Structure formats: structure tokens, C-alpha cells
Amino acid sequence: FGASGGAVYLNVTASSDLWIGGLDINTNALAGQELRLDVFRTNLGVSHVGNETNPAAWLPLTAGKGVSAGPDAPSRVDFAEPFLLPAGTYGLALDAANFDHRYTNGTGANQNYTLGALSLSAGSASNVAFAGVVNTPRVANVSLLHRYDAALGTNIRWQTIVRRADLGTAGAIRSLAFSPQAAGRHWNRQLTVRMAHVVNGYALTNNFAANLPTPTTVLDAANYSFDLAQDWWTEIGLQTPFLYNGTSDVVVEVIARGNWQTTTATFNTSDEPRLYAASWSAAMPTTGALDDNALRMRLGFGCSAVNEHGASCGTLEATHFGNGNRGSTFYFMTYGAPASSVAVLALGLTNGAPLPLSLTPLGWTNCTAFQDAATTATVATSAGGNGNFALPIPNNPALDGTTIFGQWLTLDATEPGLLTFSGQTRVMVGVAP
């Protein structure tokens, strides 16, 4: 095994477009230790061989985080941002932040492995990423968690209908929630949600456009992820309200590209009608199949809603206490910060384009800004590295639908650029659902 913080290098060949969302890896870390790494690749057709000490050859892709299963056991690491690997050959570098790789000194057949459309050819290692002595041959004991871009469920377009009798009187629909079967995190390369009025009693056809006259786009975001709470309403976070007229049915459409979850479980379903197409890649389908298996779904008018979005690039994590109800106090919370130090909470009011924004060009490798920073607050951290910021919410109905975003940052000498950033907490003010 190598030194803590070292890197392993290998070549990866994809015979068709693949999504890579995580990996299983062998490390020398004790079971239960948190694992953090950064993933880099070369340009198409460029090998890792000869480029291990050439930082300019490597493009940052994503951060990863997991928990060690112990030496000689596969440890799962989930990527903050799964990435599309177009067909071809690339060099791949796995830069450990806080552990040492447990690789194999091997040659010949031990260096090459193929499964379906993915082939690995390993490799080499260094005790400092992209610098120092290159040790070769070194075979990374790693499995890349991947799925085909055209596989069932990677890209999904679906519609369902919500009846006037269930919606009630006119008002602004401001939230949309689903019920997942397991806790974890869901990520999309692009997530678009649209809604449209249709006549009362409308029956879905197999033509997507025909079911969605004069649609309103309520969410359209790239690199979008949200936490999942098992068998509980999981708010996905709309950007724009839908003004319901009080007399019509409503068709809800979701276009989810690059679906990836940290759990294999799916969402709970209902017996409501659905139109769907779930096996496509480049061109978005115009027609689909009909059934009565729509996802369980909750639309909210003046309801409070809270969830975590995005992922961190280091130890820092965002969480919360409270529900966003008018007349209550909401707490933005963090853990994983330096002990007895300070953390900064950036508070914002929007997460629209061009957000989320990569902070890699500014020197914070594989970190992301998920929101604007309208104001900031400095918070003292405990001896355990925890901190919180209290936000009193007035009991004023005029605040219903107000959305506030919070993302934490703090000094971290183990991270590039000496700063680390959390994911994001999104809270919408309202009344209890």
C-alpha cells in the first residue's frame, strides 16, 4: 500500500457511453473510517502512462465520499457528481484525501479487466498525486459503479395527472415531493418539471406534447441532487410556482436525465395513470407507454418544506433542525468542521442558472457553489466540529413561499485551496403540511 493521500492511476476504456457514479475500492483504512477522494481524468485517447507527474494533463471530475469496510474488503465511495464517460479510452486518477490505497503489485493478466462495455488497465501509483516517484506496475483494486446511458431508467420522461378534486381551490403550487423506498441521495444531470392545466376529467394520451398544453416550467436545473428520506415525503425544490386555477385537472411532467441514486431502491408508486418512456439516450421521446403506476406524489400550496441538496467536497456537511413553519425558529446546522474554530454560512435567495457553479477554476477542486450568497454569518464551532445558525421566522402569511438557501464553508488545510464547502440546505417558509 502507498502513503496516505497518495494516488493510483489506470486507463479506462468504454465501448459505449457510460455513467460512472461511484466505486468500490480497497484501502488500508480501518473499518468505519470516512474515506474522501477526488477523481480526475485525461482527455480522450490520452493514457495515464507518462502523465502521472504532469498535473496539466488531468481534468478534475468530482469528489467522492464513503466509509471504509476495512482492509481487503470493498469500500463503497459515492461521487458528489456522477459523470458521463463517452465511448473511448481515458486515463483515470483516484487521489485519496485521507487514506492509503491498498493496491496490488502485478503485471500481465492481473493488470487488465473487462466487464461488458467497460475495460480497466492498471496502472501505477504515487505517494503524492501528480508528483514525486511513480511506482509501477501497481494495480488499483477498484470496481467502477456504472450504467449505460441508454439503459432502462437512466433517462426518464413521464407524466401523470392530478385531479381537481384532490387539488381543491385556486392557489400557487410551490412544492413537489415524492416518497422514496430508502434513504440516500438522488442526482440528475438535468432535471426538468413542468405543469399544465387540462380539462376536468382529462385522460392521458400516449403523446407527451398533447398532454401538456401551455406548460409552466417549475424546475429546470443541471447537476441537481437532493437527499432521500425513506418512506417520507422528500421535497425536490421547485424554482417557480404554478398558478392553479381551481377548476381544472393538472398534468405534471418530469424529464430526468442521468438518473443516479446512492441506493438501488426506487420511489413508492400509486395506482394513478402515467405516461412514460424510460429507455432512451440522445433524442427525447415524443410518445410513450400508458399504465396506472405513477409515483406517489404530494403537491404543496402554502406548505413549509425543507431538504438538503448537492454534496460536499470535504468533511463539512449541511443539515438542519426545524421545518420552516411560520412563527418558529429554523436552524441551519453543520458538522465535520474544524473543532473549536469558525464556519461561515452563506445565505442566499436563488439557485437558478448559472448555479450550481464549479469552484474548481478558483482553486477549490471539485467544490461547487449551489446558490447566491446574499449575506453571510460566522458561527463558532464546538469541540466536536458542529455549528448552527438560528433563523427566527415571523408568523406572517406574506412570507409563505419565501425560499432561503444555506451553504457552509470553512478553512481546511487538507483540501486544495485550503477551503471546503458543504452541500446546501433549502428551506421554504409556510405552514405545516
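Author: Let's start with a salt bridge: D249 pairs with R163, and their closest N and O atoms are 2.8 Å apart. Keep in mind that this is a predicted model.

Reader: Where do D249 and R163 sit in the chain?

Author: D249 is in strand β18 (residues 249-257), while R163 is in the loop between β11 (156-162) and α1 (164-167). The pair links distant parts of the chain, 86 residues apart.

Reader: And is D249 buried or exposed?

Author: D249 counts as buried because its relative accessibility is 0%, and the cut-off for buried is under 20%.

Reader: How many salt bridges does the structure hold?

Author: It holds 10. One of them joins the side chains of R274 and D291, at 2.6 Å from N to O. That pair also links distant parts of the chain, with R274 in strand β20 and D291 in strand β21 (residues 289-291), 17 residues apart.

Reader: One more pair, then. What does D78 meet in a salt bridge?

Author: The side chain of R76, at 2.9 Å from N to O. D78 counts as buried at 18% relative accessibility, whereas R76 is partly exposed at 33%.

Reader: Change of topic. How many disulfides are there?

Author: The structure has 1 disulfide. C313 and C367 form it, and their sulfur atoms are 2.0 Å apart. The link is right-handed, with 90° about the S-S bond.

Reader: Which parts does the pair tie together?

Author: C313 lies in the loop between β23 (305-309) and β24 (317-321), and C367 in the loop between β27 (357-358) and β28 (368-369), so the pair ties together parts 54 residues apart in sequence.

Reader: Are those cysteines buried or exposed?

Author: Buried: C313 has a relative accessible area of 7%, and C367 is at 1%. C303 counts as buried too, at 18% relative accessibility.

Reader: What about charge on the surface? Which residues gather in a patch of negative charge?

Author: D166, D271, E272 and D292. Of these, E272 is in the loop between β19 (260-261) and β20 (274-277). E272 is partly exposed, with a relative accessible area of 35%.

Reader: Now the backbone. Which peptide bonds are cis?

Author: The bond from T136 to P137 is cis, with omega near 0°, and P137 lies in strand β9 (residues 135-138). The bond from A353 to P354 is cis as well, with omega near 10°. P354 lies in the loop between β26 (342-348) and β27.

Reader: Where are N223 and N366 found?

Author: N223 is in strand β15 (residues 216-228), and N366 is in the loop between β27 and β28. N223 is buried, with a relative accessible area of 17%. N366 is buried at 10%.

Note on methods
Residues numbered from 1 in each chain as written. Predicted model: local features only at pLDDT ≥ 70, side-chain atom pairs only at ≥ 80, totals over all residues. Heavy atoms only, no water. Patch = residues over 30% accessible without salt bridge, like charges linked within 9 Å, V, L, I, M, F, W, Y side chains within 5 Å. Areas by Shrake-Rupley, 256 points an atom, 1.4 Å probe, with all protein chains shown as cover. Salt bridge = Lys/Arg side-chain N within 4 Å of Asp/Glu carboxyl O. Lys, Arg positive; Asp, Glu negative; His and termini not counted. Charge placed at Lys NZ, Arg CZ, Asp CG, Glu CD. Helix = DSSP H or I, 4+ residues; strand = E, 2+ residues; numbered from the N terminus. Buried < 20%, exposed > 50% of the residue type's maximum accessible area, 1.4 Å probe, protein only. Disulfide = S-S within 2.5 Å.
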